[in-house]
Amino acid sequence: MKLTKDQVKHVAKLANLPLTAEEEKRYSEQLSKILDYVEQLNRVETSSAEPTFNVTGQSNVMREDETTPSLSQEEALSNAPQKKECMFETKGVFED
Amino acid sequence: MGKNNITSLTLIGTIKGLKQKDFSEEELNNAYFERIAKLNPKLNSFLEIKKNSCGIPAAIKDIICTQGIKTTAGSRILSNFIPPYNAIVIQRLLENGISVIGKTNCDEFAMGGSGENSSFGPTKNPWDLNKVTGGSSSGSAAAVAADLCAFALGSDTGGSIRQPASLCGVVGLKPTYGRVSRYGLIAMASSLDTIGPVTKSVEDAALVLDWISGGDGYDSNCHPERSEGYKHIFFAGAQNDKLIKGLKVGVPKEYFGEGLNPKVKQVIEDAIKKLEEQGAEIVEVSLPNSKYALAAYYIIVPSEISANMARFDGIRYGSARVDFGPEVKRRIMLGTYTLSSGYYEEYYAKAAKVRTLVKQDFNKAFDPPAGGVDVIVGPVSPTTAWNLGEKVDDPLTMYLSDIYTISANLAGIPGLSIPCGFSEGLPVGLQILGKQWDEETILRVGYAYEQSTEWHKEKPKI
């Protein structure tokens, strides 16, 4: 499975990952090699196997809908690179 | 008691020493602090050190959140992150009289098998400073091996506790998935991540597991009743010669084939003989799908990583995504690709089915009506510690060093690594795998082995 540089660019965009041209080239080679390796799974007969996504058998674990103590606003903001008026500050979505 | 004697004590020995007033908590903390100050520049085991005057000093992998203590996950992107809360495991340790003496180095976001993917430089193996420690819990394993803490916590997604424990000659326990709450563990692959102890003895591992297991309501896979007592298996005055008499020990033929270093193989075979001498029945078992486990793992893990790493947006915490290291970027890319439209069935869904087959292999081997075994033993790692830099340019070769450990993560079962000898001066670890929720039996086997050997008492000359 050969991953082209254009595919790498597309995937990087989906992943919101800024890559240099050198990285694009390197990942195209390395990821192709890894995809070649995982291709061996096609040899495994799995038509009668259910997929496993969780091993504990737990599903839909519920709790009472109650409020409990949580982080204060100050604590929640304590690691924010930029904040404004006690809120996270980020780039505008609809700005020009 | 001399300072070096204090730091060479096991956790249980330390508790005993404190009780008998052989030394004070302050003397204990000073002894460890001084030893870290002296040896850490050589080992790069700790990223952050804290001077305490009380509590028993534990080293915590830097991927576990500690309130008010910088937690980087070995990544530049979190180089200034100070968690405003404690992980549940940290809360539990504090409640049991443990203090955090420092945060240990690790592969960035636990992605790696050598410790070299840390943004803050590799950890050096205390047995040979030119060798890797294994990873990703590199600093935790090195800190325990070099007596820089009474015990440590690590995390294991594909072998990240067991493999460095093996390469550094200490005890490492990966609990059953769901035994220990992941709340406060910075997530890598959520369906596989576990937290567990790295210790100087099997008894110590049982004690720490006792403290940290059980649910908290913050990890839906971890239930309160999962907290069970493990201490009783030792402290009830177990008679060594009866510990594993009649126990069925499975040896998977697939773990002894091509790729296993012949000298490591010899050490492991000697260890298995030792178990036989103690009355265990050795049975060959087969895990036919284990050869596909690595491929399945390297689809499932990057897929889950690509989703988990999306949280690093540089808005709420951390710096910009450009600061991710090469392995993290590689896995995000791979996972984004395998989950992308049109490829999900071919990759993720297929790997999830192969995961079922890997799990069924274990179920069959452990199934009592079919004459199943109580535990499965084999090597942890196909080789001993390799040279720093040897595999960094070849991700696939690096991934292959996890070949014997990842199946346990895919199946969610517990696994223990214990020191079982040396090859050319470097430690070899014996892996003991157990049934889901049956840490007790693997600890018992590990304890029985430890009681009959002296390997765990060997210390690196550093």
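Begin with both chains in view and select the boundary between them: 45 residues of chain B are in contact with 37 residues of chain A. The model is a predicted one, with an ipTM of 0.95 and a pTM of 0.96. For chain B the mean pLDDT is 94, and 96% of its residues reach 70 or more.

**The side of chain B that touches chain A**

Remain at this boundary and select helix H10 (293-308), helix H11 (326-339), H12 and helix H13 (395-400) of chain B. Each of these helices supplies at least two residues of the side of chain B that touches chain A. The most comes from H12(B), which gives 10 residues. If this side of chain B is coloured by residue class, it shows 25 nonpolar, 12 polar and eight charged residues.

**The sheet of chain B**

Next, select the strands of chain B. Eleven strands are to be followed here: the open sheet of 11 strands has the order S1-S3-S2-S4-S6-S5-S10-S11-S9-S7-S8, and its pairing is mixed. At the edges are strand S1 (46-49) and strand S8 (281-285) of chain B, each of which pairs on one side only. From one strand to the next, the twist averages 30°.

S1(B) pairs with strand S3 (residues 98-104) of chain B in the antiparallel sense, over three bridges. To see one such pair of residues, select B:Glu48 together with its bridge partner in S3(B), B:Lys103.

H4(B) lies across strand S2 (56-61), S3, strand S4 (151-156) and strand S6 (194-199) of chain B, and runs at about 140° to S3(B).

**Strand S9 and its two partners**

Move along the sheet to S9(B). Is this strand buried or exposed? S9(B) is mostly covered, for five of its five residues are buried. On one pairing, S7(B) and S9(B) run in the parallel sense over two bridges; here B:Gly250 stands opposite B:Ile376 in S9(B). S9(B) is also joined to S11(B), by five bridges, and these two strands run antiparallel. The pair to select for this second partner is B:Pro379 and B:Leu430, the latter being the bridge partner in S11(B).

H9(B) lies across strand S7 (248-252), S8, S9, strand S10 (415-423) and strand S11 (426-434) of chain B, running at about 115° to S10(B).

Select B:Gly372, in the loop between helix H12 (345-366) and strand S9 (375-379) of chain B. B:Gly372 has 17 other C-beta atoms within 10 Å and is therefore partly exposed. Leaving aside residues up to four places away in sequence, B:Gly372 touches B:Ala365, B:Phe366 and B:Asp367. A distance label may then be drawn from B:Gly372 to B:Lys248: their C-alpha atoms are separated by 7.8 Å, although the two residues are 124 residues apart along the chain.

Select B:Ser136, which is found in the loop between S3 and H5 of chain B. The peptide bond leading from B:Gly135 to B:Ser136 is cis, with omega near 10°.

Continue to helix H5 (residues 138-145) of chain B. Why is this helix described as largely enclosed by the rest of the structure? Eight of the eight residues of H5(B) are buried, so the helix is largely enclosed by the rest of the structure. Just after H5(B), B:Asp147 takes a positive phi of about 60°.

**Two further residues with positive phi**

Select B:Trp437, in the loop between S11 and helix H15 (439-451) of chain B. Its phi is near 70°, a positive value in a residue other than glycine. B:Trp437 counts as partly exposed because it has 17 C-beta neighbours inside 10 Å.

The tour ends in chain A. Select A:Asn60, in the loop between helix H2 (21-38) and helix H3 (73-76) of chain A. A:Asn60 is likewise a residue other than glycine with a positive phi, near 45°. Is A:Asn60 buried or exposed? A:Asn60 counts as exposed, with 5 C-beta neighbours inside 10 Å.

Definitions and conventions
Residues numbered from 1 in each chain as written. Chains lettered and ligands numbered in written order. Predicted model: local features only at pLDDT ≥ 70, side-chain atom pairs only at ≥ 80, totals over all residues. Buried ≥ 20, exposed ≤ 12 C-beta atoms within 10 Å, placed from the backbone. Helix = DSSP H or I, 4+ residues; strand = E, 2+ residues; numbered from the N terminus. pLDDT = per-residue confidence, 0-100. Contact = placed C-beta atoms within 7 Å. Nonpolar A, V, L, I, M, F, W, Y, C, P; charged D, E, K, R; others polar. Pairing = 2+ DSSP bridges. Axes fitted to C-alpha atoms, helices over the stretch in contact; angles between N-to-C directions.
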